[in-house]
Structures are given as C-alpha cells and as structure tokens.
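Dear colleague,

I am passing on a structure that you have not worked with before, and below it I have set out what was found in it. Please read the notes with the model open beside you.

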Amino acid sequence: MRFDPDALLAALPRRVIRPFEHHVVIRLTKRRVVPGGSALLDDGAYNGFSGRERSRTADLSNWLAKVGSTERPNICDICGTPADDEHAEDYYNLTSWVGLCRRCHRTILHGRFARPEHWLALLDRYEVPEGHWSRLVSSEPFDLAALLRSRGRYEPIKADYEAKDR
C-alpha cells in the first residue's frame with residue numbers, strides 16, 4: 001500500500017486546546033524557522049521533524065496541560081492500557097497527539113521501520129480497524145515536516161494559544 005500523508009493527517013484524532021487564561025504569564029518566544037531540507041538523519045528526528053523541534057514542541061504540549069489548556073490523553077490508542085506517552089505524527093498540530101503506552105509507542109511504533117511485521121501484528125492483535133491513523137503511518141521514513149512546511153505550516157509556540165483578547 002502506498003503511503004498517503006493526507007489520509008494519515010485526516011485520520012489523526014483531535015483533542016481540544018483552549019486558549020490559556022489571562023493570569024498565565026508567558027515569556028515571549030520567537031517562532032523558529034527550520035531551514036529547508038530533510039531532518040531524517042538528525043539524531044532524534046522523526047517524520048522530518050528534528051530532535052530539537054520535537055523536544056520543544058513536547059515541552060509546549062506539557063506546558064499547555066500544566067496550565068489547564070488541554071488534557072493529555074490517558075489511554076493507549078492501540079491497546080487500551082494506561083498511556084505513559086504522547087505520540088505525534090505531526091509536530092505542528094498539537095491537537096492531533098495521541099496517548100500510547102510505552103510498549104506500543106517506543107518499542108513497536110518507533111521500531112516499525114526495522115520490524116514492520118511487529119507493528120502490523122500488534123494492530124491485528126488489538127483489532128485496530130482499517131482507516132485508523134495507526135494503519136496509515138508510513139512503513140518507511142517519510143519527511144512529513146518538509147511537506148507541511150511547503151504548505152506554510154510551522155512549529156507552534158506559546159503565543160499561538162493565547163486568549164485573543166489579552
């Protein structure tokens with residue numbers, strides 16, 4: 001099956017991120033411009049998002065949960081056990097992050113390029129339906145970040161989630 005990034009992006013679940021309250025003080029942050037080209041070979045890179053980009057965006061997701069703007073997913077989207085981690089296919093869209101347990105996330109999902117049969121066996125074991133985001137992920141590394149940047153998308157910052165009437 002040919003990888004379709006738009007089908008994957010459309011299938012990702014959505015969570016609500018509310019603007020943070022007026023009493024929350026933020027330090028001004030500048031939007032980072034990621035140079036063109038692939039980050040697929042960068043340590044910590046995933047889907048073309050650099051390790052630094054992934055870390056900054058994960059910190060932002062954690063901060064938004066801490067200030068009460070969103071709730072972290074608490075159930076693994078694959079096996080239904082408690083979710084220890086959040087997973088992102090699209091680091092530019094915090095509403096599409098999913099909860100995963102460590103086993104499904106770190107061992108099997110991120111290991112799927114080396115051992116795709118383990119990923120597919122896991123999905124079959126838990127009867128994950130066709131059309132679920134997990135069935136639509138690429139079986140080979142893909143630079144989703146470059147595709148999104150070419151469409152004008154960028155790394156989110158705290159100011160993106162401010163109440164507009166501040």
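Which residue takes a positive phi just after H4? The residue is Glu127, and its phi there is about 50°. Before going further, please bear in mind that this is a predicted model, in which local features need pLDDT of at least 70 and side-chain atom pairs count only at pLDDT 80 or more, while totals for chains, interfaces and linings use all residues. Residues are numbered from 1 along each chain as its sequence is written, and side-chain values use heavy atoms, with hydrogens and water left out.

To begin with the overall layout, the secondary structure comes to six helices and two strands, where helices (H or I, at least four residues) and strands (E, at least two) are DSSP runs numbered from the N terminus. Read from the N terminus on, the elements run α-α-β-β-α-α-α-α. The protein has 166 residues, of which 43% are buried; buried means under 20% relative accessible area, exposed means over 50%, and partly exposed lies in between (1.4 Å probe, protein chains only). Of the contacts (heavy atoms within 4.5 Å) with a separation of 6 or more, 69% are between residues 24 or more positions apart.

The largest nonpolar core has 36 residues, and those with the most contacts inside it are Leu64, Ile78, Trp119 and Trp133. A nonpolar core is a set of buried Ala, Val, Leu, Ile, Met, Phe, Trp, Tyr and Cys residues joined through side-chain atoms within 4.5 Å. Among the elements that give two or more residues to this core are helix H1 (5-11), H2, strand S2 (98-100) and helix H3 (102-109). Trp133, leaving aside its neighbours within four places in sequence, is in contact with residues that include Leu8, Ile78, His87, Val98, Leu100 and Leu109.

His87, which is one of those partners, is found in strand S1 and counts as buried, because its relative accessibility is 1%. Its side chain is joined to that of His105 by a polar contact of 3.2 Å, a polar contact being a pair of N or O atoms within 3.5 Å; within protein, one must be able to donate a hydrogen and the other to accept it, and residues adjacent in sequence count only if both atoms are side-chain atoms.

His105 belongs to H3, where Cys104, His105, Ile108 and Leu109 are buried. Seen down the axis of H3, these buried residues fall within an arc of 130°, so they line one face of the helix; the arc is that of the directions from the helix axis to the C-beta atoms. Their cover includes S1, S2, H4 and H5.

In H4, the buried residues are Trp119, Leu122 and Leu123. They cover an arc of only 95° around the axis, which puts them on the same side of H4, and what covers them includes H3 and H5. Glu127 itself lies in the loop between H4 and H5 and is exposed, with a relative accessible area of 68%. Asn47, in the loop between H1 and H2, also has a positive phi, of about 55°, although it is not a glycine, and Asn47 is buried, with a relative accessible area of 7%.

Helix H2 (residues 51-66) has 16 residues and reaches 22 Å from its first C-alpha to its last, close to the 22 Å expected, the expected span being 1.5 Å times one less than the number of residues. Its buried residues include Arg54, Leu60, Trp63 and Leu64, and their cover includes strand S1 (85-87) and helix H6 (144-150). H2 is followed by Gly68, whose phi is positive, near 85°.

Finally, Leu148 lies in helix H6 and is buried, with a relative accessible area of 1%. Not counting residues up to four places away in sequence, Leu148 touches Leu9, Phe49, Asp90, Tyr92 and Arg153. Leu148 and Tyr91 are 57 residues apart in sequence and 10.0 Å apart in space, C-alpha to C-alpha.

With best wishes
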